[in-house]
Amino acid sequence: MKIVRGNTLPDYSLLSMNAGSAEIDGYQHHEKWQYKPIMGVNVEDILGEDILNISSDDFERALKRISDSKLLPSLFNLERTFDDSTTVLINTMTEAVALLNQEEYKKYKTISLAPDYHDKTIVQLFLLGLLTKADDSELFKLDVIRNRSAFASSDAINITIYPTQECNARCFYCFENGENRKPMTYETAEKVVEYITGNVTVSDEVVFRWFGGEPLVGDHIIDYITANVDKHFNGGLKFSSIITTNGFNISDDLIKKAKEKWHAKKFHVTIDGYGSEHDRRKNYYDKSVNAYQKLLSDISKLISAGIFVVCRFNLDKKNINQLDDILNDLKQFKDSDLFYIHTTTLRRPPHAPLEDYILAQDYDWAYDMIWRKMYAYGFYKGIKHILPLRLRGNCLACVMNEVLINSEGNLFKCLQHTTEESHKVGDCTTGVVFNQNYLDWLDVSIKRPQCQKCAYLPMCSGGCKQYWYENRPEISPCAREKTYFNTLTELIHEWVTCGEIKMRSK
């Protein structure tokens, strides 16, 4: 057996309310402002551990834990057997990944027939969570993760703010197309400051997530809110900023004040294609600037300033063939600890031609191509970059210590609903109202029978509520790994057996 990744699930003890927190999750290692780990950034490779070296003490302790219980395969196991008779096993709850030979796999599959468990393979499968005790409820542990995230989180308070819902670009795919694009006034900004200072304490940690529209069009509002919140607490409040931006308004002066005044930790930027294709898709009102080249320069400046950059690629069938050119331009950042590429497929806007978009049935070939290129260009150096992660918490919309404030000072829970009166959960004057909207978002129970029985449940916690609400067949609320499982397992197998992942020969 080769352990690709060990068991990362904390040993939950209801005697300690700290059980399951980020501090004792040995695989998370992130600061509070990050909220969730990023694949390849907060994690380490554990490839190559030989389970036969398990110590006698660990072996005996495991047998005592099993005691008289019956072992059975976990509810959350995924498996695939290859032509060489090895099997990749993944547990989506413990995040354990292992490659079993034929004999080991037989012990796993016939565990119900085992006369006893005095076997190192069986004990290791138990320690990885691939085998579990029949009287030990895995679903309850998952409920603990969801409910603590929703109601008893030790993470920072997350406040998403729209300093404006205006934008200097006209991206055809934007989910806010057709919405009311209003800038935040100073009068509203004052109410935002009053709401924040009235609802947090100096002992809290706050993350401001600046969104829009294009938030940097309203950078004066960001200045006003951060300065006045800081002033209220006499500089004693620990806060940081994360900015989601198209990057057009980034400048040397803005980077300086973002770092010093907004306490910026991270910028999210997007690339929509190579060179002129990026500019065409962004469709900026100001066409005098080579926006693609400017963005490359700005990424370099942000990294030099010590600010983490997440660069998102929005891919469809029309621009995925430009990925080589984009990666070649970005390889100057591949060794930086402050740079991460997030490759994703563009969500199809309503009524757009299906044939232009990478849909669920295309994910296997698309992610095979994407990941192999990421390895080829040196952005991925270990298997950790593609291994699936369970959700450490819920979507930010589904936790109590998060709120979204739109440019008019109204409170919401989800980025997809920031102008509709029917989705409000309050405003900066009244505060949060525990109306039905709020209760629906904070209901983190798993109600759908198909979700309760799904091996991918720890990765999605029942899927995106907004996507369930939209009920569009081409947009699945489920974990994407469900659709590219073949590619995922093939690359894991290739990495373990060959020691590397290569581009496919043409």
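1. Contact here means heavy atoms within 4.5 Å, and helices (H or I, at least four residues) and strands (E, at least two) are DSSP runs numbered from the N terminus. The model is predicted, with local features needing pLDDT of at least 70 and side-chain atom pairs counting only at pLDDT 80 or more, while totals for chains, interfaces and linings use all residues. Residues are numbered from 1 along each chain as its sequence is written, and side-chain values use heavy atoms, with hydrogens and water left out.

2. In the contact between the two helices, Phe 59, Ala 62, Leu 63, Arg 65 and Ile 66 of helix 1 meet Lys 120, Val 123, Phe 126 and Leu 127 of helix 3. These residues divide into seven nonpolar, no polar and two charged, where Ala, Val, Leu, Ile, Met, Phe, Trp, Tyr, Cys and Pro count as nonpolar, Asp, Glu, Lys and Arg as charged, and the others, Gly among them, as polar.

3. Helix 1 (residues 56–66) and helix 3 (residues 120–128) pack at about 70 degrees with their axes 10 Å apart, the axes being lines fitted to C-alpha atoms over the stretch in contact, and angles running from 0 to 180 degrees between N-to-C directions. The two helices are therefore roughly perpendicular to each other, a term covering 65 to 115 degrees.

4. Strand 12 (residues 308–315) has seven of its eight residues buried, so it is largely enclosed by the rest of the structure; buried means under 20% relative accessible area (1.4 Å probe, protein chains only).

5. Pairing requires that DSSP find at least two bridges between two strands. Strand 12 pairs in the parallel sense with strand 11 (residues 264–271) over six bridges, and Phe 308 in strand 12 is the bridge partner of Lys 266. Strand 12 also pairs in the parallel sense with strand 13 (residues 339–345), over seven bridges, and Asn 314 stands opposite Thr 344 in strand 13.

Note on methods
Parallel < 35°, antiparallel > 145°, perpendicular 65-115°, else oblique. Buried < 20%, exposed > 50% of the residue type's maximum accessible area, 1.4 Å probe, protein only.
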